[in-house]
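Please consider the following model, which is presented together with its sequence. The paragraphs below it proceed from confidence and overall form to individual elements and residues.

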Amino acid sequence: MRPNSRLAPWLLAACLLLAGPALAQVDLASFTKLDSFSGIKLSPTGEYYAATVPLGDRTGLVVIRRGDKVVTAQFALGKDTHIDDFEWVNDTRLVLSMAENFGMDDTPSATGEIFGVDADGKNIELLVGYRAVGTGPGSRIQTRTQESVAAYLLDSLPDEEHDVLIEVWPFHDDPYTRVEVMDVRNGKRRPVARSPVQRGRFTVDHARQVRFVRGYGEGNASMLYHRKGEGDEWALVNNEKETGRVDIPVGFSADNQVAYLRADSRKAPDAIVAYDTRTGERRPLLQHEVVDPYVVLYSLGDRGIPVGAQYLGDKVEQRFFDPASPEAKLYTMLQAAFPDQAVYVTSTTRDGKLALVQVTAGNNPGDFYLFDVTNRKAGYLLSRRQWIDPEAMGRVTPFALKARDGLDLHGFLTLPPGSEGKKLPTVVYVHGGPYGAFDQLGFDTEAQVLARAGYAVLQVNFRGSGNYGRGFQEAGALQWGKAMQDDVTDATRWAIDQGIADPKRICIYGGSYGAYAAMMGVAREPGLYACAAGYVGVYDLDLMVRQDKRDSRFMSNFTSQWIGEAGSLSAVSPTRLAAGIKAPVFLAAGGEDRVAPVEHTELMERALRKAGVPVETLVYKNEGHGFYKEEHRAEYYRRLLGFLSRHIGGQQAK
């Protein structure tokens, strides 16, 4: 419980009892306000915190001295530029990896730029990246390697004061990558290793020797290579085309002899296996019955030895190679202290004596505690959204069903505060992506907005979603508007059969792919949904495929394998199916959207109007794939809640 920040449970229950089942108009201010910060990490000595701060159309970084809470450094770049990740490389210097995303719902795309900044805000340098190329005499960065490349932090080299290892990607559609040592003071680099395969991603051991590289061969098949050490030849240890398996290295044992791999299978969720680098022997360590590992858990301190994994299923749980390990005991203690919530150690000091612990839940965006490992004491630090009272949020519960072809489906149901969950107006909320993305037992702003307005919110992980094994994801290949859509329909009918959803008051809604699914839902099931809403959506698959194939050979292969060929997708494109849509539609889009260009929304609107379908639209010319500006998000939610209220009931916004 946050100090002085939440209503006591008995007081909240009394308020709900007095209020009855009806909800007041929704106050959007709590939901449209940006998080105070997104990620936070301790410095190696524990003297500082560093945190990324959402600033609308960009993400900045602040450094705070732990002793007196004084901000010692601030950093941000221009519009659509975000700090994707950051690491402390020594006691007083950080490196920042940059990304671009054009709208709040856009997946960040790494730019390959790495900045360095001191904890006191001094010595800010662009160390490597496409804008770090010298421009002639007088350039302040002439001492750096003169080459247009993208680079990504590989290892912070805790035993080195000023050096890190980086992956370097030459500008090419399918490059042969390499590893270099970089001085974080000035960006000077020297080569260490080269990949024998295109698009190679490297793994180093505890001696900081480059030992694995994983890349892509013909047909985007995953290829994994290993070598014994510096100067040795690379040897192929896994070819997906031959084994049908993808192996991803996640770390090494303390003696560097055993590598830990995340190994997939088309028949079960991903497993973590121990791979003896001398003999090639594989030994299974962990495999959940339903879901993939979400994150690998590492030993405390700076060694980074894998010890277990965290899983996001019907509940969040941790499993360990050795249940008696110090890390297992720590998580057991923390989980007991925060029942019904997910705990995760985000960072520790170099000596492992202080840990930063994140606590989240379906009704809690995230609280952070500083944990004294030695004395086993936790102190509340701060929250992502201090203004959110978890006790006043909708209750999130898991559900499961079988699709019409017998495939197991899992999802989450969010109910309005105080609701018993019977015969409710319901919003079927479809996630974007679609491949690899998934709904989870975490705080979802849009689901909570809708629940606050009185709706049951149904989120199903249809085939193609991530987290349920490679076979489940591959079951969605070439299934846009087909079996993927059937899964959403089956979940909707399940909610009706369970008595949760009022069959006459159901709307389907989503963003990006979810917007596509919303339009396909009312096209394919005209009697099931009373309305549909699409946010920054794609609606013409032929157009989308042609746009995606221009990006690279990798994307061209991916599109062919997962979506289909341009010219063959009319039957599953909502723009071509408008004549079959009978329910009213609401469309929202951004004029600068590079993921789902506004052209899709314009085509969809014209097709609907030609078919005589009632359609409302909201377009902001200066927004992208999701609205950044708080006032735009507020207006969007007002329009969405108003639209839903008119067609299936529920509350409007203030």
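**Confidence and overall form**

Where pLDDT is low, the predicted coordinates should not be read in detail. The protein chain as a whole averages a pLDDT of 91, and 93% of the residues score at least 70.

This is a predicted model, in which local features need pLDDT of at least 70 and side-chain atom pairs count only at pLDDT 80 or more, while totals for chains, interfaces and linings use all residues. Residues are numbered from 1 along each chain as its sequence is written, and side-chain values use heavy atoms, with hydrogens and water left out.

The protein chain contains 12 helices and 34 strands; these are DSSP runs numbered from the N terminus, helices being H or I of at least four residues and strands E of at least two. Along the principal axes, the C-alpha atoms fill a box of roughly 70 × 60 × 55 Å. Of the 654 residues, 57% count as buried, where buried means under 20% relative accessible area, exposed over 50% and partly exposed in between (1.4 Å probe, protein chains only).

**A four-stranded sheet**

An open sheet is formed by four strands in the order β23-β24-β25-β26, with antiparallel pairing; two strands pair if DSSP finds at least two bridges between them. β23 (342–348) and β26 (377–383) stand at the edges with a single partner strand each, so one side of each is left without a neighbour in the sheet. On average, neighbouring strands of this sheet are turned by 30° against each other, direction ignored. Six bridges link β23 to β24 (residues 354–361) in the antiparallel sense, and tyrosine 344 has glutamine 358 in β24 as its bridge partner. Helix α4 (residues 326–337) lies across β23, β24 and β25 (364–372), and runs at about 130° to β23. Axes here are lines fitted to C-alpha atoms, for helices over the stretch in contact, and angles run from 0 to 180 degrees between N-to-C directions.

**Individual residues**

Most residues other than glycine have a negative phi, and most peptide bonds are trans. Lysine 423, in the loop between β28 (408–415) and β29, has a positive phi of about 50° although it is not a glycine. Serine 512 likewise has a positive phi, of about 60°; it lies in the loop between β31 (501–511) and α8 (513–524) and is buried, at 15% relative accessible area. Glycine 433 and proline 434 are joined by a cis peptide bond with omega of about -5°, and proline 434 belongs to the loop between β29 (424–430) and α5 (445–452).

Glutamate 635 is found in helix α12 (residues 630–648) and is partly exposed at 24% relative accessibility. Beyond residues up to four places away in sequence, glutamate 635 touches Leu618 and Tyr620.

Methods:
Contact = heavy atoms within 4.5 Å. pLDDT = per-residue confidence, 0-100.
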